[in-house]
Amino acid sequence: MSQEIFPLLNKKDARGNALVYFDNAATTQKPQSVLSIMNEVYSSYNANVYRGDYYWSEKTTALYNEARQKIADFIGAKYSEEIIFTRNTTESINLIAQILQRDYLKKADEIIISIAEHHSNYLPWWQIAQNHKAKLKVIGLNSEGYFDINQFKKTLSAKTKLVAIAGITNVLGTINPIKEIIQLSHKVGALVLVDGAQWVAHLPVNVKALDCDFFAFSGHKMYGPTGIGVLYARKDWLSKTEPLFLGGEMVSNFNGNSVCWANLPAKFEAGTPAYIEAIGLGGAVDYLSKIGFNAIQKREAGILQAALSGLESIKEITILGPKKPLCRSGIIAFNLKGIHAHDLSELLAEKGIMVRAGEHCAGPLHHFLKIPASARLSFGVYNTQSEVDYFLKVLKQINQSLNYGKK
Amino acid sequence: MEKNKSISQFKNLLDLVGESHSFKHHGLVAHPDLTLLGINESCGDKIILQLKLKNQKVQQALFNGESCSLSALGAETMCSLLEKGKIIKPVTEKVFLKSLNFNFSPVRKKCAYLIWKTWQNYVSSKNNQIIKKKAKG
């Protein structure tokens with residue numbers, strides 16, 4: 001987990017200060033192994049996959065297939081064909097939303113989401129409801145700030161056709177009771193889509209054990225490259241479903257009159273895929289597997305605990321969501337009294353600390369909480385206790401200056 | 001050199017945050033003749049600019065709403081310029097920036113420009129209406 005294998009984390013700012021990167025929920029930095037494997041493919045044997053009967057194409061194709069298998073194993077999928085490559089979580093969710101709207105949903109059907117969803121897992125369903133293709137039901141938070149499971153139980157009915165929910169929410173960092181949500185949803189015959197964007201780099205996933213119908217995530221939030229994401233869906237569901245995007249690679253026979261779609265997973269991957277990014281994502285899976293989630297969880301839990309107690313010790317700080325680390329991942333959104341989140345994030349940046357400020361693509365949640373914006377810390381495998389201590393020191397300095405200013 | 005510049009930027013922004021709590025144009029206009037809303041799409045902040053007019057001349061300009069210190073400075077600057085100029089017409093970017101007198105980073109441009117842009121949009125759409133009316137006449 002050493003920072004040394006992340007080239008960008010070894011950089012200093014113009015003043016020679018170490019940089020502290022606390023914006024891992026937005027994107028993560030890349031280990032040298034991921035950069036190296038992508039560079040190796042580009043510089044040693046790059047050729048389009050499945051196209052050429054020559055070494056370069058064979059080698060690239062083999063690495064691409066290997067990456068898909070690694071990713072399938074990583075999330076516990078039964079078959080590698082259940083891994084559909086997309087650009088990112090957003091595209092994975094939109095792909096399912098478009099197919100369900102086309103083939104499955106009817107006007108009186110209901111879709112359930114939570115108020116804490118990222119726009120990616122809110123807007124596609126919201127628009128379906130706007131177009132009167134189904135009704136949207138939004139579950140709120142309980143008094144502690146967690147997903148309101150009681151409201152969910154009351155909302156579930158035979159009309160519920162889909163439940164779309166984040167495994168870990170991107171602002172509150174809360175870990176939703178996914179297993180229970182899936183079991184309850186399946187009892188009424190609803191499909192379940194899990195937004196795994198904030199999950200895959202922090203907790204182990206097993207889609208078979210979860211028994212979810214769809215699982216979506218992005219490569220760049222788990223130390224892999226941008227431009228590559230994954231949609232997991234069961235093989236039987238994918239086999240019986242018509243493709244959405246049409247073009248090259250996804251067809252096995254087309255004579256102008258009749259068509260035969262390609263086998264899985266190609267049927268859902270029209271056009272030249274981002275194969276080098278997929279290979280890079282395979283490298284990220286290797287990196288995470290090598291460290292192991294026991295070590296990752298232990299380290300991130302320690303940092304989360306330290307940051308939460310440090311923030312709680314400042315009385316002018318308001319933490320969004322539950323205060324205790326129970327069922328929380330390494331994401332903390334907060335506000336400091338007397339200063340807007342954007343001003344705070346710029347002041348922190350001046351001291352080499354990178355955090356996110358704004359609504360974090362979760363407008364409905366901020367509206368629900370009645371706050372305009374928040375600052376957000378989000379941790380990764382390379383963050384350290386001393387970085388948290390430095391952040392708290394700078395934050396206290398800013399807070400004191402603000403208080404002096406008020407006197 | 002770089003170090004000093006950055007320390008001063010940290011201090012400048014911290015000072016601005018303090019000052020922004022007591023901007024003299026922060027408030028509500030009683031019975032406003034014109035109310036404009038500026039929304040910063042990148043963070044959801046909303047600033048309201050309110051004007052009291054007399055014979056189509058600006059008597060009073062105030063702003064309120066949720067905003068960062070830079071958006072507030074932009075709004076404060078615009079209120080001062082509108083009260084000073086009195087006329088409902090565009091304020092050039094050059095005049096606005098000179099009056100703003102704050103060295104902001106490029107990513108904060110949306111904050112600083114929020115009310116200036118809101119005003120420009122209002123005035124240009126108003127001009128369009130006038131041009132349309134004239135064309136009709």
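**Ile139(A) and its surroundings**

Modeller: Leaving out residues up to four places away in sequence, Ile139(A) touches Ile112(A), Ser114(A), Ile115(A), Phe147(A), Asp148(A), Gln151(A), Phe152(A) and Thr155(A). This is a predicted model, and everything that follows should be read as a description of predicted coordinates. The residue itself lies in strand β4 of chain A, which covers residues 135–139. Ile139(A) counts as buried because 25 C-beta neighbours fall inside 10 Å, where 20 or more would be needed for that label. As a reference across the chain, Ile296(A) is 157 residues away along the sequence, and the C-alpha atoms of Ile139(A) and Ile296(A) are separated by 31 Å.

In soluble globular proteins, nonpolar side chains tend to be buried together. Here the largest nonpolar core has 123 residues, and those with the most contacts inside it are Leu193(A), Phe214(A), Tyr232(A) and Ile279(A). Helix α9 of chain A, residues 275–291, gives the most to this core, with nine residues. Leu193(A), if its neighbours within four places in sequence are set aside, is in contact with Ile93(A), Ile96(A), Leu162(A), Ala164(A), Asp213(A), Phe214(A) and Ala216(A). A second, separate core of 25 residues includes Ile47(B), Ile48(B), Val58(B) and Leu70(B).

Another part of chain A is an open sheet of four strands, in the order β11-β12-β15-β14, with antiparallel pairing. Strands β11 (317–319) and β14 (356–358) of chain A stand at the edges, each with a single partner strand, so one side of each is left without a neighbour in the sheet. From one strand to the next, the twist averages 30 degrees. Between β14(A) and strand β15 of chain A (residues 374–378), which run antiparallel, there are three bridges, and Gly358(A) stands opposite Ser374(A) in β15(A). Helix α10 of chain A (residues 293–312) packs on this sheet and touches β11, β12 (331–336) and β15 of chain A, its direction making about 15 degrees with that of β12(A). Helix α11 of chain A (residues 341–350) also packs on the sheet, touching β12, β14 and β15 of chain A, and its direction makes about 160 degrees with that of β14(A).

The contact between the chains takes 20 residues from chain B and 20 residues from chain A. On the side of chain B that touches chain A, helix α1 (residues 2–20) of chain B gives the most, with nine residues, while by class that side has seven nonpolar, eight polar and five charged residues.

As for confidence, the model scores ipTM 0.84 and pTM 0.92. Chain B averages a pLDDT of 88, and 88% of the residues score at least 70. Among the elements of chain B, the lowest mean pLDDT, 78, belongs to α1(B), and the highest, 96, to helix α3 (residues 93–100) of chain B.

Conventions. Residues are numbered from 1 along each chain as its sequence is written. Chains are lettered from A and ligands numbered from 1 in the order in which they are written. This is a predicted model: local features need pLDDT of at least 70, side-chain atom pairs count only at pLDDT 80 or more; totals for chains, interfaces and linings use all residues. Two residues are in contact if their C-beta atoms, placed from the backbone, lie within 7 Å. Helices (H or I, at least four residues) and strands (E, at least two) are DSSP runs, numbered from the N terminus. Ala, Val, Leu, Ile, Met, Phe, Trp, Tyr, Cys and Pro count as nonpolar, Asp, Glu, Lys and Arg as charged, and the others, Gly among them, as polar. pLDDT is the predictor's confidence in each residue, from 0 to 100. A residue is buried if 20 or more other C-beta atoms lie within 10 Å of its own, exposed if 12 or fewer, and partly exposed in between; C-beta atoms are placed from the backbone. Two strands pair if DSSP finds at least two bridges between them. Axes are lines fitted to C-alpha atoms, for helices over the stretch in contact, and angles run from 0 to 180 degrees between N-to-C directions. A nonpolar core is a set of buried Ala, Val, Leu, Ile, Met, Phe, Trp, Tyr and Cys residues joined through C-beta atoms within 7 Å.
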